[in-house]
Amino acid sequence: SCSSRCRHVDSPRRQHSRPDGASSRVAMPIKKKKKKRKGAGAAAAAGAADGGSARAAAQYLEQWVTQQAEPAGDAVWKFNKNRQTFLLRSWAEREKVSSETFKHLLAYARSLPAACAERTMAHAREVAAASEAAEAKLLEQEANAPAEGGDEAAADADDAAAIDPEAREERRAVLKIQRARSLRLLNALLEATEAPAEAGGS
């Protein structure tokens with residue numbers, strides 16, 4: 001009936017009383033949610049994203065090159081700001097931009113607007129200077145490296161390459177590639193900016 005239903009709702013639950021007046025109801029422990037480890041997962045996701053962006057950027061340049069060679073062909077190329085940004089930020093990294101993709105980028109860079117070309121040249125100069133300074137530091141570390149079994153000061157070096165000849169050579173090779181790429185990109189951009197001036201002056 002309605003009255004019994006109301007009484008059921010209104011009547012408080014019975015609780016066993018303790019002498020001190022405290023409730024005998026036992027508090028259930030609160031289970032803490034386990035936090036997922038984000039470190040490894042985030043790194044893997046970032047690596048996968050870079051790999052996908054690298055493939056998409058390479059395809060973007062391939063389509064551009066094909067369209068330049070065959071303007072009336074079937075190649076469908078459309079400007080994509082995200083692809084261009086990835087390429088202009090990652091061109092020095094061989095893991096993200098392959099040698100073939102970098103060759104296409106040199107041609108593509110010649111078509112950049114003036115403001116974008118200026119920013120790219122500034123970035124290329126920074127990469128060239130940084131790689132040259134890092135390579136000089138490696139040479140200095142190599143010259144000051146103690147003989148095997150000698151001074152233990154090198155063990156406290158911040159850079160593992162300072163005490164590992166193989167790692168030092170690998171690092172030097174990477175720096176040489178970065179510096180060579182920056183100089184090639186600079187030359188391509190300078191040629192592109194000088195060409196209109198020469199055409200206008202002739």
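Q: What does arginine 172 form a salt bridge with?
A: Glutamate 142. The closest N and O atoms are 2.5 Å apart. Keep in mind that this is a predicted model.

Q: Where do arginine 172 and glutamate 142 lie?
A: Arginine 172 is in helix H6 and glutamate 142 is in helix H5. The pair therefore ties together parts that are 30 residues apart in sequence.

Q: Is arginine 172 buried or exposed?
A: Arginine 172 is buried, at 11% relative accessible area. The cut-off for buried is under 20%. Glutamate 142 is partly exposed, at 34%.

Q: Which residues are linked with Arg172 in a network of salt bridges?
A: Glu142 and Glu169.

Q: How many salt bridges does the structure hold?
A: Five. One of them joins arginine 110 to glutamate 191, with 3.3 Å between the closest N and O atoms.

Q: Where do those two, arginine 110 and glutamate 191, lie?
A: Arginine 110 lies in the loop between helix H4 (99-109) and helix H5 (114-144). Glutamate 191 is in helix H6, residues 165-201. They are 81 residues apart in sequence, so this pair also ties parts of the chain together.

Q: What is the accessibility of arginine 110?
A: Arginine 110 has 42% relative accessibility, which counts as partly exposed. Glutamate 191 is partly exposed too, with 46%.

Q: And which side chain does glutamate 93 meet in a salt bridge?
A: Lysine 96, at 3.6 Å from N to O. Glutamate 93 is partly exposed at 29% relative accessibility. Lysine 96 is partly exposed at 24%.

Q: Stepping back, what does the secondary structure come to?
A: Six helices and zero strands. From the N terminus on, the order reads α-α-α-α-α-α.

Q: What share of the residues in the protein chain is buried?
A: Buried residues make up 23% of the 202. The chain exposes about 15,100 Å², and carbon and sulfur atoms supply 53% of that area.

Q: What about contacts with a separation of 6 or more: what share comes from residues 24 or more positions apart?
A: That share is 69% in the protein chain.

Q: New topic. How much space lies in the largest pocket?
A: About 230 Å³.

Q: Which elements give two or more residues to the lining of the largest pocket?
A: Helix H3 (81-90) and H5. H3 gives the most, with five residues.

Q: Which residues line the largest pocket?
A: Lys81, Gln84, Thr85, Leu88 and Arg89 are among them. Cys116, Arg119, Thr120 and His123 also line the pocket.

Q: What classes does that lining have?
A: Two nonpolar, four polar and three charged residues.

Q: Last one. Where is glutamine 178 found?
A: In helix H6.

Q: Is glutamine 178 buried or exposed?
A: Glutamine 178 is buried, with a relative accessible area of 18%.

Q: What does glutamine 178 touch, not counting residues up to four places away in sequence?
A: Trp91, Ala92, Val127 and Ser131.

Note on methods: Residues numbered from 1 in each chain as written. Predicted model: local features only at pLDDT ≥ 70, side-chain atom pairs only at ≥ 80, totals over all residues. Heavy atoms only, no water. Helix = DSSP H or I, 4+ residues; strand = E, 2+ residues; numbered from the N terminus. Buried < 20%, exposed > 50% of the residue type's maximum accessible area, 1.4 Å probe, protein only. Contact = heavy atoms within 4.5 Å. Areas by Shrake-Rupley, 256 points an atom, 1.4 Å probe, with all protein chains shown as cover. Salt bridge = Lys/Arg side-chain N within 4 Å of Asp/Glu carboxyl O. 1 Å grid on protein atoms, 1.4 Å probe; cavity = no way out; pocket = protein on both sides within 12 Å on 5 of 7 lines; lining within 4 Å. Points joined across faces, edges and corners; volume = space filled by probe spheres on them. Nonpolar A, V, L, I, M, F, W, Y, C, P; charged D, E, K, R; others polar.
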